[in-house]
Amino acid sequence: MFVFLVKNMLILLAKFLSGASVRWIDCQPEPCQRLYFANHTSHLDAIVIWTSLPEKVREKTRMVAARDYWDAGPIRRFIAKKVFHAILIDRENVSKRNNPIYSILEEMGDDYSIIIFPEGGRTNGDFVRDFKSGMYYLAKKRPELELVPVYLDNMNRILPRGMVLPVPMLSRVVFGPPIWIEKKENKEAFLVRAREAVLHLKEM
C-alpha cells in the first residue's frame, strides 16, 4: 500500500513539474513489448517518459538506469527498485563477461518493455550525441522488438545538470513511429538511423 501511494504521488509530481504535452506520431500506446529510446538531458527523463504512458502500458514498462546514481542512498534505491521496478546496470568495468546487455535481456523476458538512453549520458539539451553500441546489440538479440524513438524537449531546464531541486516548466514528449533493425544492417548504419529517428521528432 505504501509503495502504491508513493508511486502515485511521484507520478503526479512528475506530471506537475514537467507539464508535459504528450504526442504520438504514427504510433499508438499499445501494451506490446517495445524498446523506447530517447535523448537524455535530465535525471527526470526516464520518469517523465514512464509517466507519459497509459497505466496499462506503464505497468509493463521498466526504466534502464545507472546503478551508481540510483543505488546511492536508501531513498533513491527505494524509488528505483520498489516504486519504478527499474533495471539498474553498472556503467563501470564493462566487459564481455560483465555486460549489462545480458542482465537487461533477462529482466525484460518476454513481457516487459524498457526505456533506454543510447547517448550513454546527459547533454545540455542543445544536441543529441552519437548513440552507444548497446542499443544495437539489444536490437540484434531481439530483432522482433518495436524500437520506438522518443524526443524530450525542455527537460534540461526543469532539472539542469548539477541542480538538486527541479523547477516546474512546460515540456514535450514526442513518441515516433517504430523502427526495426534490418537484416545485415551494420552497427554504424543502425545507430545513425536510430539517432536520426529521434532528431526527426524534434522538428515535429
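Visitor: At what angle do helix 1 and helix 5 pack, and how far apart are their axes?

Guide: Good place to start in this predicted model. Two packed helices are described by the angle between their axes and by the distance between those axes. Here helix 1 and helix 5 pack at an angle of about 100°, and their axes are 11 Å apart. The two helices are therefore roughly perpendicular to each other.

Visitor: Which residues make the contact?

Guide: Helix 1 contributes Phe 2, Val 3, Val 6, Lys 7 and Leu 10, while helix 5 contributes Phe 78, Ile 79, Lys 82 and Val 83. Sorted by class, this contact has 7 nonpolar, no polar and 2 charged residues.

Visitor: Which residues of helix 5 are buried?

Guide: An α-helix has 3.6 residues a turn, so residues three or four places apart point the same way. In helix 5, the buried residues are Ile 79, Ala 80 and Val 83. Seen down the helix axis, they fall within an arc of 120°, so they line one face of helix 5. Pro 74 and Lys 82, on the other side of helix 5, are exposed.

Visitor: What covers the buried residues of helix 5?

Guide: The cover includes helix 1, helix 4 and strand 4.

Visitor: And which residues touch the most other members of the largest nonpolar core?

Guide: In soluble globular proteins, nonpolar side chains tend to be buried together. In this model, the largest nonpolar core has 31 residues, and Tyr 36, Ile 49, Met 63, Phe 84 and Phe 175 touch the most other members. Helix 1 and helix 5 are among the elements that each supply at least two residues of this core, but the largest share, 5 residues, comes from helix 2.

How values were computed
Residues are numbered from 1 along each chain as its sequence is written. This is a predicted model: local features need pLDDT of at least 70, side-chain atom pairs count only at pLDDT 80 or more; totals for chains, interfaces and linings use all residues. Side-chain values use heavy atoms; hydrogens and water are left out. A nonpolar core is a set of buried Ala, Val, Leu, Ile, Met, Phe, Trp, Tyr and Cys residues joined through side-chain atoms within 4.5 Å. Buried means under 20% relative accessible area, exposed over 50%, partly exposed in between (1.4 Å probe, protein chains only). Helices (H or I, at least four residues) and strands (E, at least two) are DSSP runs, numbered from the N terminus. Axes are lines fitted to C-alpha atoms, for helices over the stretch in contact, and angles run from 0 to 180 degrees between N-to-C directions. Angles under 35 degrees count as roughly parallel, over 145 as roughly antiparallel, 65 to 115 as roughly perpendicular and the rest as oblique. Contact means heavy atoms within 4.5 Å. Ala, Val, Leu, Ile, Met, Phe, Trp, Tyr, Cys and Pro count as nonpolar, Asp, Glu, Lys and Arg as charged, and the others, Gly among them, as polar. The arc is that of the directions from the helix axis to the C-beta atoms.
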